[in-house]
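Here is a short note for a colleague opening this structure for the first time. Please read it with the model on screen.

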Amino acid sequence: MASTEKDNQELRRVIRLMSSKMERNEAILKSFFEMEIRLLSCSTLAELLDLLLVEFKEYFRLSSVNLILLDPEGAARDLLDDYVPPKPGHTLRFVKNQRLLKSIFPVPKLKAGELDDEVKKLAFPSSPFILSSALLPLVRHDCLIGSLHLGSKDPGRYSDSFDYDYINHLASVIAVCIENCINQQNLKRMSIIDMLTKVHNRRAFDQEIIRELSRANRHQTTLSCLFVDLDHFKLVNDTYGHQVGDRVLRSVGQVLKKSLRKTDFIARYGGEEFAILLPKCDATQAQQIGDTIRSKILKMIMHNDLGEAFRISCSIGISSCEVSRYHWATLEDLSTRLLKAADDGVYTAKHNGRNQCAYEPFDLEPRSGIKLVSG
């Protein structure tokens, strides 16, 4: 009897342990399922990176999370202009080839447990005190596109003696999400970005000016518009060739982006003409900004294919609209007149000798029966 009772106690203990283990496994699977849903709901690469690099650490109680992404053409980096890097303890690295990835994964299979010093330096360069980890190869179409590194200071957190099927599945989901975010954002970007200069295109500008006019009307602020037209640009193309002309346009686009606020909107409006929207900016401020831009472009030193230096200048037309004053007008009316005023300013600047700014006052005669549409 004593032996039977002892056997029963042992059986109950084993059942409790198995039940406890099943509950833990169920909780783990549930947490991974919840995270998978969140991964699949990410619509931008920046949102996905925040989830992987910041929220993973808190959600799974990790000491460090690191990510390496293969980005040979800079497509991913181009989508992250305004992305704020994660806090210390997380690293995000872009690589142009697979050399680093293949040094971590000679075979693209998950690595779990304690790492040797060499691999640890590659996987966790800013976290030397990681005692166990799971290194997830991110694979798409049989190509290693990155690796995600989950690190812990608990030596028993990950072990090479266990199977981690749920982590392998999560790695597959992450790889798909990264590819989808990049592809979707690039498709959207191609529809609104001028691929040569990397600023917005005319289609995006025509949509944005309506939004900014509506916003200016609601907040009773002034919207200013600048047209920047490069002087004698045809001569640059004819003298040095179109490739040099393209380099000039790219350089001007970058100067404009660096010269303005994040709330300003820049677009390549025509061949050598850029249009800029300056929200909450009155006529005086707009003229100051215009002259600053003119001066910066004039100071640019360009080089032809022989290395010979040359400079360019620009003519800038400026106008400003106090939207709330024109309560009887449609946003389309205001848009058309604001653009025409800035464009007229360009012609005035060129007529007066180029390399200067010209302000054209905004005016719009009232038309009866028309009210402002502020969508």
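Which residue forms a salt bridge with D229?

1. The partner is K350, and the closest N and O atoms are 3.2 Å apart. A salt bridge here is a side-chain nitrogen of Lys or Arg within 4 Å of a carboxyl oxygen of Asp or Glu. D229 sits in strand β6 and K350 in helix α11 (residues 331–351), so the pair ties together parts 121 residues apart in sequence. Helices (H or I, at least four residues) and strands (E, at least two) are DSSP runs, numbered from the N terminus. Both D229 and K350 are buried. Buried means under 20% relative accessible area, exposed over 50%, and partly exposed in between (1.4 Å probe, protein chains only).

2. A word on the source. This is a predicted model: local features need pLDDT of at least 70, side-chain atom pairs count only at pLDDT 80 or more, and totals for chains, interfaces and linings use all residues. Residues are numbered from 1 along each chain as its sequence is written, and side-chain values use heavy atoms, with hydrogens and water left out.

3. Across the whole structure, a search finds 14 salt bridges. One of them joins E55 and R38, with the closest N and O atoms 2.4 Å apart. E55 lies in helix α2 (residues 45–59) and R38 in helix α1 (residues 2–41), so parts 17 residues apart in sequence are tied together. E55 counts as partly exposed, at 31% relative accessibility. R38 is partly exposed too, at 35%.

4. Now look within helix α11. K340 forms a salt bridge with D344, the closest N and O atoms being 3.0 Å apart. The two are four residues apart in this helix, so about one helical turn separates them. K340 is partly exposed at 47% relative accessibility. D344, at 23%, is also partly exposed. Elsewhere, salt bridges that share partners join D229, D231 and K350 into one network.

5. Next, the sheet. Five strands form an open, mixed sheet in the order β7-β8-β6-β11-β12. Its edge strands are β7 (265–268) and β12 (357–359), each pairing on one side only. Two strands pair if DSSP finds at least two bridges between them. Strand β11 (residues 314–322) pairs with β12 in the parallel sense, over three bridges. I316 has C357 in β12 as its bridge partner.

6. Last, an exposed residue. M190 is in helix α6 (residues 165–192). It counts as exposed, at 53% relative accessibility.
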